[in-house]
Protein chains: 2
Amino acid sequence: MRDQFTDHGIVLERALAFWVQRVQAQLRTQTYRIFREAGLSMTPEQWAVLVRLWERSDMTQTELCDTTLKDKPTISRILDGMEKQGWVARHADPQDARTRRVRLTRSGRALEARLMPLVQGFVADFERGIPEADLAVTRRTLMRLFDNIS
Amino acid sequence: MRDQFTDHGIVLERALAFWVQRVQAQLRTQTYRIFREAGLSMTPEQWAVLVRLWERSDMTQTELCDTTLKDKPTISRILDGMEKQGWVARHADPQDARTRRVRLTRSGRALEARLMPLVQGFVADFERGIPEADLAVTRRTLMRLFDNIS
DNA sequence: CGCAATTAGTTGCATTGACAACCATATAGG
DNA sequence: CCTATATGGTTGTCAATGCAACTAATTGCG
C-alpha cells in the first residue's frame, strides 16, 4: 500500500516554495481589493513603484528596474498605466537623451497620505497574532531563500 | 533631519509581504528557466496543475480550481495550453453534461519521471544551507499568514 | 411538472511578466 | 573622426490572472 506521505501533492505542500507562492497569490488579490475598495484603480505593481518614488522621485526607468527587480518592458508598461492615471510624468534628461526621468505629479504625491494608512493596516492584519520571533526568523529565511536563487 | 529608517522603502523592506513577493517572483522566473533548459515549454502554473493530476487524474476543472486556488477562467486557459501540448485531454462526464473531466495523456504521465528529479534538485538548491528549524518556523509562519488573509 | 436560481465552464478585456527584437543615443577603440 | 558596441527605452507575442459577462446544464422550490 502506497504511503500517503510520499504522494506528490503532500510533498508539494511541504515545500516552502509552495507556501510562498500561495501566500503571494493571496496577497496580490487582497491588495487589488484594498485599492479597489478605496475607489482606486491601482495594481499592486503600480503601488510598488509609487513607494519607490515617494522615497525618491525623479528616478530613471532603469533605476526603477533595479529597485523593483522588474525588467525594462514591464516597468515601461507599468509607467504607461501610471501616467494615464496622472500619478507620474516622464521628463527628458538633460544629460542623456535616451533616458527618461520619472517624476511624481502632485496627484501621485497626494496618494501617499491616503494610502499608507490603508496598507499599514493591511500589513498589520496580515501579520496579526504571529510572534515577533517567528516573523523575524521568517524574514531572515526569506532573504536567504532569495539569495539562494538569485 | 529625517530618519532614514522611517523612509517608506525601508519600511517596505521590513514587511514580510515584500519578501514573499520578491522570493516568489524569483521562484517563478527560475522555474521557467529550468523547464526551458529541459527543452520544455512549460509554465510554473502548468507544472502545478500537473502535480495535482499526477496525484489524482480525472479531476473536474472545478476541483482543480479548488486545489490550486485559481479561478475558473485561469484554470480553463491553463488547460487549453496543456491540451495543446498534448499533456491532458478533457473528457465528458457521464453524470453531468456541464463538467469536463481532465485526464493525463500518456505523454503527460511520462513527464513525472522526467521532471520530478529536476524540481527536487531545484527545491534542494532553494533551501540549501538553511537550518531545518528555520525552515520549519518559516513554513508554519507562512501558513498562518495565509490564514490571516484568506 | 415548470420555472427560478445555481453551477460548470468559456470568452472578453486589461494588466503583469518572460522574452526577443527593435530604435535611438551614447561611448569606446582604432 | 567614425564605426562598432553598449545602453535606455519601446513594441510585439504569448501566458497568467482579476473581473464581469455569458452559455449551457442542473437543481430546487412551489
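This is a predicted model: local features need pLDDT of at least 70, side-chain atom pairs count only at pLDDT 80 or more; totals for chains, interfaces and linings use all residues.

Visitor: How are the two protein chains related?

Guide: In general, two copies of a chain are related by a rotation about an axis and a shift along it.

Visitor: Which elements of chain A form the side that touches chain B?

Guide: Start with the count: 42 residues of chain A are in contact with 42 residues of chain B. On the side of chain A, α1 (8-14), α2, α3, α6 (106-127) and α7 each supply at least two residues. By class, that side has 22 nonpolar, 10 polar and 10 charged residues. Of the interface residues of chain A, 100% are also interface residues in chain B, so the copies meet through the same surface.

Visitor: Which residues have the most contacts inside the largest nonpolar core?

Guide: They are A:V20, A:V23, B:V20 and B:V23, in a core of 18 residues. Helices α2 and α7 of chain A and α2 and α7 of chain B each supply at least two residues of this core. Another core, of 14 residues, lies apart from it, and includes B:L50, B:I75, B:V88 and B:L111.

Visitor: Which residues of α2(A) are buried, and what covers them?

Guide: The buried residues of α2(A) are A:L16, A:A17, A:W19, A:V20, A:Q21, A:R22, A:V23, A:Q24, A:L27 and A:T31. Their cover includes α3 and α7 (132-148) of chain A, and also α2, α6 (106-127) and α7 (132-148) of chain B.

Visitor: Which residues come nearest to each DNA strand?

Guide: Around DNA strand D there are 28 residues, of which A:Q61, A:T62, A:P73, A:S76 and A:T99 come nearest. Around DNA strand C there are 29, and A:P73, A:A97, B:T62, B:P73 and B:S76 come nearest.

Visitor: Which helix gives the most to each of these surfaces?

Guide: For DNA strand D, α2(A) gives the most, with six residues. For DNA strand C, α2(B) gives the most, also with six residues. The elements that supply at least two residues near DNA strand D include α4 (61-68) and α5 (72-85) of chain A and α3 (44-55) of chain B. By class, the surface near DNA strand D has six nonpolar, 10 polar and 12 charged residues, and the surface near DNA strand C has six nonpolar, 10 polar and 13 charged.

Visitor: Is A:M82 buried or exposed?

Guide: Count neighbours; the cut-off for buried is 20 or more other C-beta atoms within 10 Å. A:M82 has 24 C-beta neighbours inside 10 Å and therefore counts as buried. The residue sits in helix α5 of chain A. Beyond four places in sequence, A:M82 touches A:Q46, A:V49, A:W87 and A:V88. A:M82 and A:V49 are 33 residues apart in sequence, yet 9.3 Å apart in space, C-alpha to C-alpha.

Visitor: What should I look for in the backbone angles?

Guide: Most residues other than glycine have a negative phi. A:D58 is not a glycine, but has a positive phi of about 65°. A:D58 lies in the loop between α3 and β1 (59-60) of chain A, and is exposed, with 12 other C-beta atoms within 10 Å. B:L69, also a residue other than glycine, has a positive phi near 60°. B:L69 is in the loop between α4 and α5 of chain B, and with 15 C-beta neighbours inside 10 Å counts as partly exposed.

Note on methods:
Residues are numbered from 1 along each chain as its sequence is written. Chains are lettered from A and ligands numbered from 1 in the order in which they are written. A residue is near a molecule or strand if its C-beta atom, placed from the backbone, lies within 6 Å of it. Helices (H or I, at least four residues) and strands (E, at least two) are DSSP runs, numbered from the N terminus. Ala, Val, Leu, Ile, Met, Phe, Trp, Tyr, Cys and Pro count as nonpolar, Asp, Glu, Lys and Arg as charged, and the others, Gly among them, as polar. Two residues are in contact if their C-beta atoms, placed from the backbone, lie within 7 Å. A nonpolar core is a set of buried Ala, Val, Leu, Ile, Met, Phe, Trp, Tyr and Cys residues joined through C-beta atoms within 7 Å.
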